[in-house]
Amino acid sequence: MAGSRKGLKICAAVTGILLIVILVVLVVLFVTIFKPKEPSIFTKPVTLESFELVVIPVVRLNVSIGILITVKNPNYGGFKYENSTAHISYHGNVVAEAPIEEDTIPARATHNITSSVSILADKLVTDTHFVGDVIIAGVLNFTSETTLHGKVSLLKVFEMKATSYSECNISITIKTQSADSVCKSRVELNK
């Protein structure tokens, strides 16, 4: 009877030590390897899909811009973002909106988000800066802003909210009918 109690105590001690070791290993993994990291966001230069400017007899403008955002998810869990909208402004006035549908970026993967935007010509042509930008400068300058709200989840147990911000300055040169853009982006992890 004394031998079985001694065996039971050894078994309980070994089990306790194993549980502590497993717990320490899991904590170290979650603090180092599985720790949620900020996704990298790259906004590619915009493409000018179509451009038509007619001045006579009535000013008419038709502009379509293609937007490509690449998100690289370095996490061991997926990043799911909600429906959002990309806004394009001309001198502070919104002249175009592009819907971005919700999606999930798989763990440790790269995902492209594309959208095409048609600029509302009536809002653009009636702007007081339009004639000067077209005739004098020959360049139309726009600002694009996109915000993605989502969650990074690991094993569907641990979740952390994240918000991605992207802003681009877009210049359309009328003479060459080309577009140039300079973009910056950032991600905030909300605990």
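Why does K37 count as partly exposed? Its relative accessibility is 31%, so K37 counts as partly exposed (buried means under 20% relative accessible area, exposed over 50%, partly exposed in between, with a 1.4 Å probe and protein chains only).

This is a predicted model, in which local features need pLDDT of at least 70 and side-chain atom pairs count only at pLDDT 80 or more, while totals for chains, interfaces and linings use all residues. Residues are numbered from 1 along each chain as its sequence is written, and side-chain values use heavy atoms, with hydrogens and water left out.

**View 1. A positive surface patch.** K35, K37, K72 and R108 form this patch. Patch residues have over 30% relative accessible area and no salt bridge; like charges are joined within 9 Å, and nonpolar side chains (Val, Leu, Ile, Met, Phe, Trp, Tyr) within 5 Å. Areas come from the Shrake-Rupley method with a 1.4 Å probe; for residues, only the protein chains shown count as cover. Lys and Arg count as positive, Asp and Glu as negative; His and the chain ends are not counted. Each charge is placed at NZ of Lys, CZ of Arg, CG of Asp or CD of Glu. K37 sits in the loop between α1 (2–31) and β1 (40–43). Helices (H or I, at least four residues) and strands (E, at least two) are DSSP runs, numbered from the N terminus.

**View 2. A negative surface patch.** E82, E101, E102 and D103 gather here. E82 lies in the loop between β4 (78–81) and β5 (84–90). E82 is partly exposed because its relative accessibility is 47%.

**View 3. The salt bridge of E188 and R186.** Their side chains meet at 2.5 Å, N to O. A salt bridge is a side-chain nitrogen of Lys or Arg within 4 Å of a carboxyl oxygen of Asp or Glu. A search of the whole structure finds one. R186 lies in strand β11 (residues 178–190). R186 is partly exposed, at 45% relative accessibility. E188 is also partly exposed, with a relative accessible area of 33%. S166 is 20 residues from R186 in sequence, yet 6.6 Å away in space, C-alpha to C-alpha.

**View 4. Two segments annotated in UniProt.** An unreviewed UniProt entry places a "transmembrane region" at residues 12–34. Residues 12–34 are 87% helix and 0% strand, with end C-alpha atoms 31 Å apart. UniProt (unreviewed entry) also places "domain: Late embryogenesis abundant protein LEA-2 subgroup" at residues 69–153. Residues 69–153 are 15% helix and 62% strand, with end C-alpha atoms 21 Å apart. UniProt positions follow the numbering used here, feature names are shortened, and annotations may be inferred rather than shown by experiment.
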